[in-house]
Amino acid sequence: MAVDPLYQQIIMEHYRNPRGRRPIPDESPHSTRDNPACGDSFSLHLVLEGDLIRELMIDGNGCAISTASCSLMAEDLVGQNVHDALQRAQAYLAALDGRDPITTETWNDLAALDGVRNFKSRKTCAKLCWQLFRDEYHRLFPVQKEGES
Amino acid sequence: MNLAAIRKEFPVYAEYAAQGRPLHYLDSAATSLKPECVMRAMDCYYRECPANVHRATYSMAEEATERYENTRLAIQRLINARQVHEILFTHGTTEALNLVAHSWAAAHMRPGERILLTEMEHHSNLIPWRLLARERQLNISYAPLNNDGSLHLEAFATLLTPDVKLCSFTLMSNVLGIVNPAQDLIRLARERGIRVCLDAAQAIAHIPVDVQSLDCDFLAFSGHKMFAPTGTGVLYVREKHLEQMTPFLGGGDMISSVTLEKETWAEPPYKFEAGTPDVAGIIGLGAAVDFMQQLDWKERQAQEQALTIELETGLKTIKGLRILADGHDHHGLVSFTIDGVHPHDVAHFADQAGVSLRAGYLCAQPLIQRLGLTAVCRASLSVYNNSDDISALIEALSNATRFFHGC
């Protein structure tokens with residue numbers, strides 16, 4: 001059987017061993033996003049050290065694509081300046097909606113999700129955690145919401 | 001009509017075949033495919049008598065009104081209503097249930113009184129009542145389920161307390177395929193003077209629905225799950241409630257007279273049908289009823305049962321697959337999960353093989369949560385499905401399972 005181009009090895013590896021995945025303590029404020037079409041639900045608690053992202057704590061349930069996207073995001077954004085990370089999240093969301101291939105030159109391992117651009121419903125899966133990051137950013141920095149698309 | 005030849009009546013199959021694409025449509029519980037006769041009836045209205053209805057001062061409008069009202073007669077026969085004016089047209093089950101909430105419950109229930117629902121309801125039979133309860137300070141109880149998802153009948157009876165004025169529940173679950181023992185439940189409610197509203201959205205295409213033998217007060221269903229166009233629906237209202245119900249939407253067609261000071265309502269059912277309706281859609285709904293009535297119920301149900309058993313048998317060959325409400329009669333609607341494979345990934349594999357499969361919580365999130373799940377897959381059958389559809393599904397599930405369990 002031919003392997004579906006959507007489920008590349010790197011996706012499956014992140015699906016099986018998701019980075020950043022851990023229960024968020026009840027007392028920790030966080031953001032949550034659901035996809036009512038397929039039942040996916042993820043929560044994110046951002047741990048900052050000044051403006052530096054020390055950790056992304058992600059909890060929830062989802063398909064291989066949404067789970068792998070969460071994991072790839074956790075790997076990609078940890079250690080970054082949180083304001084730069086927001087710009088990167090916005091750019092990645094635009095890339096998922098874009099016509100141009102998502103390449104490793106710009107996006108490193110995140111390029112593994114390039115295949116979802118061909119599947120509208122799976123694009124929603126891949127985007128969920130990046131929208132969640134944006135929610136969590138705005139929870140932490142509520143005044144800087146202006147200009148968001 | 002020969003069930004083996006019925007697929008030819010659904011033009012989408014020829015369309016897909018012409019494009020060289022496979023089509024194994026297994027999502028009829030979401031919406032059914034539409035037969036040629038329904039599209040033809042709608043097309044004929046637009047070509048032959050595209051006038052507005054109920055304003056007949058000329059022959060074309062009379063023709064349009066006659067075709068439109070013929071659907072009301074067809075629906076009356078389909079569900080065995082005593083009177084034709086007990087049939088109200090809506091845009092679907094959701095609007096029909098909202099109509100009961102606004103036009104009956106809001107006018108007849110006092111703060112502190114209670115509505116009984118169940119934990120297996122579709123969101124469309126939850127949210128209208130929740131909105132109303134908030135607005136009018138009403139209470140809501142939910143009849144619990146057994147662990148297999150079926151309704152806990154003793155608990156349902158216990159919850160019919162003196163403050164309950166209305167109970168509303170589904171005739172057939174859109175997740176489990178279980179048909180609730182409605183006649184018994186309705187008898188219990190009526191003995192206590194409680195009004196009963198039924199959500200027949202799923203049931204209407206799978207079992208004969210007879211409002212007189214059910215003895216319900218309200219019954220709602222959509223056209224689009226029974227071969228009719230989207231945006232059409234029906235609310236049956238027992239005659240004695242019609243006069244006491246307040247209008248739903250205000251506007252043209254639902255009034256008898258209007259001055260700048262006051263207005264009087266049109267007679268039911270028109271009192272509840274404000275504005276120009278979806279005339280073509282309702283005419284298409286009439287054609288769908290004619291289509292259904294050409295099929296023999298016994299033959300249909302025998303075919304559905306045989307195919308459902310084939311589906312369940314095939315599903316049980318898949319490693320780690322669990323059927324929801326296993327052991328119950330599923331009436332062509334089977335939901336399942338596969339260990340280690342998320343339903344959306346299953347549906348993706350199915351789609352790649354031309355199999356239309358539904359995944360998610362199927363607009364019944366409380367039920368899915370009650371079963372301890374976050375999402376499920378659902379395969380649902382109709383008259384046009386055959387063994388090839390089942391084989392294609394089972395092969396796709398087998399491939400998905402091998403891929404996810406193997407790599």
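Chain B is divided into domain 1 (3-30 + 296-406) and domain 2 (39-293). These bounds come from an automatic or database domain assignment. This is a predicted model: local features need pLDDT of at least 70, side-chain atom pairs count only at pLDDT 80 or more, and totals for chains, interfaces and linings use all residues. Residues are numbered from 1 along each chain as its sequence is written, while chains are lettered from A and ligands numbered from 1 in the order in which they are written.

**The two domains of chain B**

The C-alpha centres of domain 1 and domain 2 of chain B lie 29 Å apart. Where they touch, 21 residues of domain 1 of chain B are in contact with 21 residues of domain 2 of chain B. Contact here means that the C-beta atoms of two residues, placed from the backbone, lie within 7 Å. On the domain 1 side, strand E12 (333-338), helix H13 (365-370) and strand E15 (376-380) of chain B each supply at least two residues. Helices (H or I, at least four residues) and strands (E, at least two) are DSSP runs, numbered from the N terminus. By class, this side of domain 1 of chain B has 13 nonpolar, 6 polar and 2 charged residues. Ala, Val, Leu, Ile, Met, Phe, Trp, Tyr, Cys and Pro count as nonpolar, Asp, Glu, Lys and Arg as charged, and the others, Gly among them, as polar.

**Chain B against chain A**

This contact takes 15 residues from chain B and 15 residues from chain A. Helix H12 (343-352), strand E14 (358-360) and helix H14 (387-406) of chain B each give at least two residues to the chain B side. H12(B) gives the most, with 5 residues. The chain B side divides into 6 nonpolar, 7 polar and 2 charged residues.

**Two helix pairs**

Two packed helices are described by the angle between their axes and the distance between the axes. Axes are lines fitted to C-alpha atoms, for helices over the stretch in contact, and angles run from 0 to 180 degrees between N-to-C directions.

| Helix pair | Angle | Axis distance |
|---|---|---|
| H3(B) (residues 59-79) and H10(B) (residues 279-294) | roughly 40° | within 8 Å |
| H1(A) (residues 9-16) and H2(A) (residues 64-77) | about 85° | 8 Å |

The axes of H3(B) and H10(B) cross at roughly 40°, and that makes H3(B) oblique to H10(B). H1(A) and H2(A) pack at about 85°, which makes H1(A) roughly perpendicular to H2(A). Angles under 35 degrees count as roughly parallel, over 145 as roughly antiparallel, 65 to 115 as roughly perpendicular and the rest as oblique.

In H3(B), residues including Ala64(B), Tyr68(B) and Leu78(B) take part in the contact with H10(B), whose residues include Ile282(B) and Val289(B). This contact has 10 nonpolar, 3 polar and 2 charged residues. In chain A, Ile11(A), Met12(A), His14(A) and Tyr15(A) of H1(A) meet Ala64(A), Thr67(A), Ala68(A), Ser71(A) and Leu72(A) of H2(A).

Strands E1 (residues 31-35) and E2 (residues 40-49) of chain A run antiparallel, joined by 5 bridges. Two strands pair if DSSP finds at least two bridges between them. Arg33(A) stands opposite Phe42(A) in E2(A). Their hairpin has 4 residues between the strands, and Gly39(A) takes a positive phi near 90°.

E2(A) is also joined to strand E3 (residues 52-61) of chain A, by 9 bridges and again antiparallel. Leu44(A) has Ile58(A) in E3(A) as its bridge partner. This hairpin has 2 residues between the strands, with Gly50(A) at a positive phi near 65°.
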